[in-house]
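Visitor: Could you take me closely through a single part of this model, and then tell me how far the surrounding prediction can be read?

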Amino acid sequence: MEAVPRMPMIWLDLKEAGEFAFNTAVKKSAVSVPRDFEGCSTLRKYLGQLHFLQSRIPMGQGQEAAVPVTWTEIFSGKAVTHEDIKYEQACVLYNLGALHSMLGAMDKRVSEECAAGAFTYLRDHFPHSYSVDMSHQILSLNINLMLGQAQECLLEKSMLDNRKSFLVARISAQVVDYYKEACRALENSETASLLGKIQKDWKKLVQMKIYYFAAVAHLHMGKQAEEQQKFGERVIYFQSALDKLNEAIKLAKGQPETVQEALRFTMDVIGGKYNSAKKDNDFIYHEAVPALDTLQSVKGAPLVKALPVNPTDPAVTGPDIFAKLVPMAAHEASSLYSEEKAKLLRDVMAKIEAKNEVLDQFMDSMQLDPETVDNLDMYNHIPPVLMEKCAALSVRPDTVRNLVQSMQVLSGVFTDVEASLKEIRDLLEEDEAQERKLQELLGRVPPAPASPPGLAEVSKECSKYLELHEKASFTNTELHRAMNLHLGNLRLLGGPLEQVRAALPTPTLSEDDKQVLQNLKRILAKVQEMRDQRMSLEQQLREMIQKDDITTSLVTTDRSEMKKLFEEQLKKYDQLKVYLEQNLAAQENVLKALTDANVKYAAVRKALAEVEHKWNTTVQTLVASYEAYEDLMKKSQEGKDFYTDLEGKAAKLLERARAACQASEAHRQQLLERELKKQPPPRPTAPKPPLQKKPLDEAGGPEAAELGCLALLDASLKGKQRMNKQNFLQAQPGEGLRAPRPSDDPLSMLDPLWTLNKA
């Protein structure tokens, strides 16, 4: 739709000026203005100078200096004359709006808001009886036409800028609303009689545009439905757009070629969209097509407004050419009157501010907010934030199962790692125990030329892995605790909405409690009503004082009568002052009633506060559980990755530990075998005194005892028999005990108290 041809716009003719005794250069240039923005500036300047003239010379209707003013009426072409300078101002203002409508109908299309502002100012500030073309009905029609065309220009720019479809639809709907207001005015019999023959042309064009831009609005609503994948709604919107466009085509008979071209272009777009959407829905999506009246209507977005007109803006009017016409005495008297008005305003505002301060302090101490006193409606539905979480989990039914499975996998890997590290630690402890036994039995381990390396590194890495495992075990425990904490909430969010609603706390109030609550709400509404009324009266007073200009009266009033004139003029504020005083006096009674109601409300307030706290806590807990799900899954995956990596390292370390322990065992076996092969030193040949024979001697002598000892040590180191001092030193058959001798070998010195008898 970006390249759609532009629709023509309605523009207004300028009124022709007649007789007026003000033939200055400004007047002459304002009569025949160029059709451009320079002409608009000329008209604004002339309008401002007329205001300056009116404020100094009594040229209004029935006043002393009034002169005839003549302008031509647009629709009939008749000359209309009034002895009122305001008529001149009104006609100039009408021409300003008409010139802006011409410029807006051109390619630039930037003046419709200015035209609407000029016609609005004319309607609101001037009499409507001057001529037919400036009647209230015609001016309202012009305003709606200009605002509609301004919104239409904004719609063109929005489509060129590729704004969101929903926004474009709302802008287009507002165009329809403005044109409907204009069409109602055109259908009015009184307006039709005023407009004459152009009424039919305008009405036909406006009706055609109503259907056309309604079609554009539904076209973009269909695009919005397509973006949201609501394919049934898309079909009905495109179908409605097509129907409205066909109506526009029927009404476009006799319209210019630009209109026909725009309609054909739009028909190509909407027809193609409708056919494609219907075909896709019939063969692919199979969504039910709802009735158009069941869908939410498109609410217009008024993004244009009538730009205000300030006739006395110095930036437009230039210097006041009548500045010297007002006597200095009138200026001085006006200043004195302004001071009287300021004094009145200060007195009233002092009373209002004092009462407002008391009211604000009282309401702050009560801590009563009318919007939150009765929040019972909150408990009748699930909060939107919770509905979003439930909707998100409804499309992910495996949420809880995935979390439980992930934690089970993590626990399995955790257990495998713990088993591997325990086995490594047991191997190292067993090896260390065997080394201690060897040292206790042999006294020391002789250094070997090729000692098996690796046990120290294995022990160091095992300690590091055990430390990591211990730290990770704490994290794993916390992760399981967090999962157990949120698992029930996730199951609740993923279940039926009725269960979620039942899980939220609700207040239980008796009939008396409800009556107390209603009474408090009524009094709070009175407080707010009192505030609003006070602000409204204050604003009215300020506006009256600001608009109160008696300069015209001061120019024609004698100095001796000035004080009396001031008193008479200030009487116009008496009624407003009475209303304000009544409002201020009512505050004391209202606050007293509010105090009594608040005392009765205390118990109800406490109960509602507790329920609201529980409600908010429950909602926050459920939302936190939903938000914690992704974090739990992430941390669970991180834990699995960590333990998978640690499991691989622990498995490798276990293999190394086994190999190192086997090497260490072989090393100890070599030591034992080497000690067994050692030959005993030579025995002395001197005769010894006869000793009583023991079972040891009978079994084979000291050599047999020594060999038995070493064999027993070998069996102990191999784990076949637990070795200790008792079974090591126990004599075998044919063996005995003797005192140590220096000539004995190191194996005979295993215990400082006991040695083998080799004699």
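Guide: What follows looks at one loop serine and then at the confidence of the model. This is a predicted model, in which local features need pLDDT of at least 70 and side-chain atom pairs count only at pLDDT 80 or more, while totals for chains, interfaces and linings use all residues. Residues are numbered from 1 along each chain as its sequence is written, and side-chain values use heavy atoms, with hydrogens and water left out.

S135 sits in the loop between helix 4 (112-125) and helix 5 (136-160), helices being DSSP runs of H or I with at least four residues, and strands runs of E with at least two, numbered from the N terminus. With a relative accessibility of 9%, S135 is buried, a word that here means under 20% relative accessible area with a 1.4 Å probe and protein chains only. The side chain of S135 reaches the backbone oxygen of V132 at 3.0 Å, and, leaving aside neighbours within four places in sequence, S135 is in contact (heavy atoms within 4.5 Å) with H128 and L194.

As for confidence, the protein averages a pLDDT (the predictor's confidence in each residue, from 0 to 100) of 78, and 82% of the residues score at least 70. Where pLDDT is low, the predicted coordinates should not be read in detail.

Terms used: Buried < 20%, exposed > 50% of the residue type's maximum accessible area, 1.4 Å probe, protein only. Polar contact = N/O pair within 3.5 Å; in protein donor to acceptor, adjacent residues only side chain to side chain.
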